[in-house]
Amino acid sequence: MTDHNDSLEGIKTETITPEELAEAAAYQKLKDAYLSEGDRPTIDDKTGFQPIGKVDRYKIVKELGAGNFGRVYLALDTVSETLVALKALPPNISAIPEELEKVRKNFSLVSKIHHPNIASLLFLHKVEHADEAARKLLKISDRTYLQVMEYVKGTTLFSWMNAYQDHVIPLERILKICYQVAQALDYAHSQGVIHRDVKPSNIMIGDNDVVKVMDFGLAAEIRSSMSRVSKMNHNSAGTRPYMAPEHLAGKTQSAATDQYALAVLFYEMVNKKVPFHSIFMREDDIPLILDVVRTGKAERLPQLSRKQNSALLRALSKKPGERFASCGQFIDALSGKTVYERKGLVRKIAIAAGIFVMLILGWHVLKTSEPVKPPPPPPDDDGDGVEVVVDSVKIEEVSPVRLNAEVVWEKVKKIDKSGGFEKDLDRLDYV
């Protein structure tokens, strides 16, 4: 059989041998089972499946998309016969041992995360040999590194949202998607990993609205390395509308930072726009953006109930410590479920203890004080109209229970000079 040399979009591909043609036929079935409709490779009438480049064990099939630091390609792993996604590390990171080591450590941590709602990082592959087509596509050379990631069938949340022409997404469906994102984030946080870049383009929606969160942690580490290498602020060049105040200010990030981004995501899905949308359109005015995010208050959404708005605004709190204890608790509050928090539990125990003290004091007062007796009627009064004078105010009747309760309450307020107990009572209906 004659070998074939063909080109695709001006890029010369490597020769296809008879053995590879047989492999291509087997792959034809594989792609039908796993590929999203928009990810189908170019098909040649003569040869069947035609790869557009090869790097070591990986045959490049098609470009999937582009990120901040390179393009992502669909590839066939010829050893495991599975589909993967490939993305090259920026060359200047691969060339600097110190920065490469930081990325390696981060990759080692993130690659151990396995969760149904997280797209896995599989390998950090060192390139040994790449044909000319792969070098041009991935912008790589020998000894550079590739991120080998799980290929996720589906569409990004960004495209998924745009598919709604009127952009009105049922709240139940929004909650279903955000619940899965929350589960992924909480699991990662339990493993010591913070995403730091939660946004619609980093979330894939598959069949039956199954969610996969991508780019866990590694993308943020690469941005940090690029910032150190190029002396440019890549951390602030990300997705500002989803960045919490502490993130924008360059302060320490935590699980609460991801929760803020999830809250922005939910807000956008319900309202069509992120909070402070008009301010973020002025992308060059960093001081204004930072000031609004740190001091401004997001508007309540008419599509939500009072309790849902309260939960949403709490997750958007300026201070990380004022947000929910986890992303899952935030979504539970939005869904109307009872939220049990550690801090909330301590507060409620304190309130219960205060009420118990009040009851004890009330019992003590009742045992040790005489009931208030109305004064005897004047001699010329027949006794039908009893009057009692309290603080120079005449009243018709006096309830001993009410007077004792008032005495107890006055004692409690004297003990609780800060007023914290009274405030806690007012906050019991928060969520």
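Q: Why is R173 called partly exposed?
A: In this predicted model, R173 has a relative accessible area of 30%. Buried means under 20% and exposed means over 50%, with partly exposed in between, so R173 is partly exposed at 30%.

Q: What makes the contact of R173 and D209 a salt bridge?
A: The side chains of R173 and D209 meet at 2.6 Å, N to O. A salt bridge requires a side-chain nitrogen of Lys or Arg within 4 Å of a carboxyl oxygen of Asp or Glu, and the pair therefore qualifies. The pair links distant parts of the chain, with R173 in helix α6 and D209 in the loop between β12 and β13 (211-213), 36 residues apart.

Q: Why does D209 count as buried?
A: The relative accessibility of D209 is 9%. Buried means under 20%, so D209 belongs to that class.

Q: How do you know that K199 forms a salt bridge with D197?
A: The closest N and O atoms of K199 and D197 are 3.6 Å apart. The limit is 4 Å, so the pair is counted. K199 is buried, with a relative accessible area of 12%, and D197 is also buried, at 7% relative accessibility.

Q: Which class of accessibility applies to E63 and R71, whose side chains meet in a salt bridge?
A: The N to O distance of this salt bridge is 2.8 Å. E63 has a relative accessible area of 34% and R71 has one of 42%.

Q: How many salt bridges does the rule give?
A: The count comes to eight salt bridges.

Q: What is noted about the phi of E81, and where does E81 lie?
A: E81 has a positive phi of about 55 degrees although it is not a glycine. The residue lies in the loop between β7 (70-77) and β8 (82-88), and the hairpin of these strands has four residues between them.

Q: Why is E81 called exposed?
A: E81 has a relative accessibility of 56%. Exposed means over 50%, so E81 is exposed.

Q: What is noted about R196, and why is it called partly exposed?
A: R196 has a positive phi of about 75 degrees although it is not a glycine, and lies in the loop between α6 (171-190) and β12 (203-205). Its relative accessible area is 24%; this value falls between 20% and 50%, so R196 is partly exposed.

Q: How do you know that β7 and β8 pair?
A: Five bridges join β7 to β8, which run antiparallel. Pairing needs at least two bridges, so these strands pair. L74 stands opposite A85 in β8. β8 also pairs in the antiparallel sense with β10 (residues 145-150) over five bridges, where L86 stands opposite V148.

Q: What makes β8 mostly covered?
A: Six of the seven residues of β8 are buried.

Q: Why do β11 (155-156) and β13 count as edges of their sheet?
A: Three strands form an open, antiparallel sheet in the order β11-β12-β13. β11 and β13 each have a single partner strand, so one side of each is left without a neighbour in the sheet. Two bridges join β11 to β12, and T155 stands opposite I205 in β12.

Technical notes
Residues are numbered from 1 along each chain as its sequence is written. This is a predicted model: local features need pLDDT of at least 70, side-chain atom pairs count only at pLDDT 80 or more; totals for chains, interfaces and linings use all residues. Side-chain values use heavy atoms; hydrogens and water are left out. Buried means under 20% relative accessible area, exposed over 50%, partly exposed in between (1.4 Å probe, protein chains only).
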